[in-house]
Amino acid sequence: MAHAVPSRADVVIIGGGIVGCSIAYHLARIGITNVVLLERRQLTCGTTWHAAGLVPQLRATRNLTELAKYTAQLVRELEAETGQATGFRQNGSIGVALDHERLEEFKRNAAMGRAFGVEVELIGPAEIRRRYPLLAMDGIVGGIWLPKDGQTNPVDTTIALAKGARGRGVRILEGVEVQRILARNGRACGVATDSGEIRADSVVLATGMWANELARPLGVRLPLHAAEHFYVVTDVVPDLPRDLPVLRVPDEHAYVKEEAGKLLIGAFEPVAKPWGMAGIPREFCFDSLPDDEAHFMPVLEKAIVRLPVLETTGIAHWFNGPESFTPDDRYLLGETAEVRDLFVACGFNSIGIQSAGGAGKVLAQWIRDRRAPLELVDVDVRRFQPAQGTRRYLHDRTVESLGLLYAMHWPFRQYETARGMRRSPFHDRLLAAGACMGEFAGWERPNWYAAAGERPEYRYSYRRQNWFERCALECRATRDAVALYDQSSFAKFLVQGADSCAVLNRICCADVDVPAGKLVYTQWLNERGGIEADLTVTRLAEHQYLVVTSAGSHNRDLAWLREHVPPDARCTVSDLTPGLPMLGLMGPRSRELLQALSAEDLSDAAFPFASSREIEIGYAIVRASRVTYVGELGWELYVPADLALHVFERIVQAGAPMGLTMAGYHAMNACRVEKGYRHWGHDIGPDDDPLAAGLAFTVAWDKPAGFIGRDALQRLREAGKPKRRLVQLRLADEGELLYHDEPILADGRLVGTTTSGMYGHRVGASLGMGYVELPEPVTAERLATLEMTVEVGDRCVPATAQLAPFYDPKGERVRGMRQDDGGQPAPAIR
């Protein structure tokens, strides 16, 4: 039956699950009511209808936690607003630990949660038994209690959101199938349906596992894949308490919730079953998948032991339904890099119910303002590379990603599936040298190097891991001799044309109108003064620049750059990354080694810090840039791919007598934390400005044409010294290790959380960074008067906090041991 559709809307939302309805509801709440939501069959018929409906609050970052807390608040209030019951109950949740490593994870989560404003409590076996009397306590060493967690009815909640949206003027049309998304000049401009076309300023894909089918024809490969997700529902359990909290036993891969006097037992098993490789059937509607009792039985057998009441309770319903998962278990949100005005909200990894309210709210604001309302880097759809959206990659990773939700969240944990996708030309040589490879943005990168005869594999722990001493050796070699880092994964963009200088000077807060051969460290800011990118810009010629940024922000930064090139500008942007590998030669003997290879004058006078030029190594012409991310004298060497192995072999051969050591990314991270170098996405991001981040020295305040974000930054400058500031932390106990989001206390009061952490082998201490916020300006003098501590799990560890880095605070080593350069911190890049 054909349905009449309007010819025009401000926003078209595709997908009538809980997320699509939430986006419609929140658009209407901010005054955008010319919205059409299209559902191909019926609301909730895809995956929403069979979701477990859990609504926990604690997530991996502060902002994602705030969004989850908002969802709980929204669901609690929806019934009063709309008159539609949601079935929401705030009955809390308990997670139980079966070993002390899991308990340590809970302890760190609890400390983080308290810092984020979540009610959370560590509880012992006796309290666990009191709160969940059905449990067999064998092997349980402790747990975590979150009293504000809850559960809701997914269908009723979706209907309430839809009712609230309709009440404000949104049109919700069921039985209308979108056949394709319309695009023109790189922008989405509407949809073609089986009932006609609708033109729109924005199109939103909230279609879950169907999203790829609609996005691919536009050249957008969304990295999500469906997997089979299993649970069972028991018969009625006599005398079952109706206020039971949700139970999670991650070491047994299970969760349990009470529902209408029954128990629902679900699983996130270690080896999942991807589904829908040939596409999702068009007629799929309120459907389930075939039972697979053999697959689910290992989880169920453990659950029967853990909950003895199950031994005498029948199974009323076996369920298997598909849900979509992403390669990193974080959802996809925001505007795509490939097609402007096309927004996505999908790939929710079984947390769509708890995420729907917050995701809908921020995406509505994102659509209105054409920018994210807060830092959402972890879920930004642009974080992935296109190759991570290929069918085979997604199939292979989904086998693992479902189970990682309940696996141990070890520091430095590496993915085991979908490996080997992106490799530098040096890959095999590094393996032969003992490299233990990690995966980042699809790249295989050496994280550390094993000794001869040692297996290059991780043994995980929250304490010092098995590679600790190997990393120490690499750091010492970087400090005392010379180390070679494979930095090929760093993204490299060529910007050229008669207007290239003007374009970049508008985007960069630093002045890049410098002589050819000069390298500039800079940030790209948003209109609020927040840091959208952190990178270097090298002027190669009058109308030619090289932009170098981190692998993790490759796609995002490229999109930002292209977006801010005016249509009429004589300026082009090319991605050189695949064809331009890069080696970092770092350490006090790097000059000696490079001079021996090139016969060039590399003295401070001839080749000063932050300069770049072409040199010859063997038969190759190499661009050498004197810059560092490890805080030592060094050069980054950009080599054409066809000459890369030749240059590598020359360096290794010449470096052997000088003690050349292969070094990995763990050593690089340790060295950059010692030196206080910021990492975008951890220490700085869109919610952080250069003043708070201690990067004011990069800002060219008086550039004639200004720069994006200057007005906002100027207002902050005029307000005086920042009361929120990134500081360097050194723990008194070097046996404790920092990772991220540990609470920072000053005189016993919470003042911030850490952003990065690593053991500093050159200073012999456990270090971190984090933002401290005080009622007064955060200065070196004020920090010196405070008694600083950091909560590491359930331990309160004394710490020293300062603004300057703990290693080489004057930057003398970076500048070749010079003592007369004023001690300005060297650039923090990547």
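1. Two strands count as paired if DSSP finds at least two bridges between them. Helices (H or I, at least four residues) and strands (E, at least two) are DSSP runs numbered from the N terminus. By that rule, strand S34 (residues 743-746) pairs with strand S37 (residues 788-792) in the antiparallel sense, over 3 bridges. Ala746 has Met788 of S37 as its bridge partner.

2. The model is predicted: local features need pLDDT of at least 70 and side-chain atom pairs count only at pLDDT 80 or more, while totals for chains, interfaces and linings use all residues. Residues are numbered from 1 along each chain as its sequence is written, and side-chain values use heavy atoms, with hydrogens and water left out.

3. S34 also pairs with strand S35 (residues 749-760), in the antiparallel sense and over 4 bridges. Here Pro743 stands opposite Thr753. The hairpin of S34 and S35 has 2 residues between the strands, and in it Asp747 takes a positive phi near 50°. S34 is covered on both faces: Pro743 and Leu745 are buried on one side, Ile744 and Ala746 on the other. Buried means under 20% relative accessible area, exposed over 50%, and partly exposed in between (1.4 Å probe, protein chains only).

4. Strand S33 (residues 724-731) is mostly covered, with 6 of its 8 residues buried. S33 pairs in the antiparallel sense with strand S36 (residues 765-773) over 7 bridges, and Leu729 stands opposite Gly768 of S36. S33 pairs in the antiparallel sense with strand S38 (residues 795-802) as well, over 4 bridges; there Gln728 stands opposite Gln802.

5. Arg724 lies over the face of Tyr771, at 3.9 Å from the ring centre. Another such case is Lys361, which lies over the face of Tyr70 at 4.4 Å from the ring centre. The criterion is that NZ of Lys or CZ of Arg is within 6 Å of the ring centre and within 35 degrees of the ring normal.

6. The structure holds 23 aromatic pairs. Rings of Phe, Tyr and Trp (its six-membered ring) pair if their centres lie within 6.5 Å; planes under 30 degrees apart count as stacked, over 60 as edge-to-face and the rest as tilted. Tyr231 and Phe319 have ring centres 4.9 Å apart and planes at 25°, so this pair is stacked. Tyr231 belongs to strand S12 (residues 225-234) and Phe319 to strand S17 (residues 315-325), so the pair ties together parts 88 residues apart in sequence. Tyr231 and Phe319 are both buried.

7. For Tyr255 and Phe268 the ring centres are 5.6 Å apart and the planes at 35°, so the pair is tilted. Tyr255 is in strand S14 (residues 254-259), and Phe268 is in the loop between strand S15 (262-267) and strand S16 (274-275), 13 residues apart. Tyr255 and Phe268 are buried.

8. One aromatic cluster is formed by Trp410, Phe412, Trp448, Tyr458, Tyr460, Tyr462, Trp467 and Tyr739.

9. In helix H14 (residues 590-598), the buried residues are Ser590, Arg591, Leu593, Leu594, Leu597 and Ser598. Seen down the axis of H14, they fall within an arc of 165°, so they line one face of the helix. The arc is that of the directions from the helix axis to the C-beta atoms. Among the elements covering these residues are strand S22 (482-486), strand S28 (582-586) and helix H15 (644-655), where contact means heavy atoms within 4.5 Å. Ala599 follows H14 and has a positive phi, near 60°.
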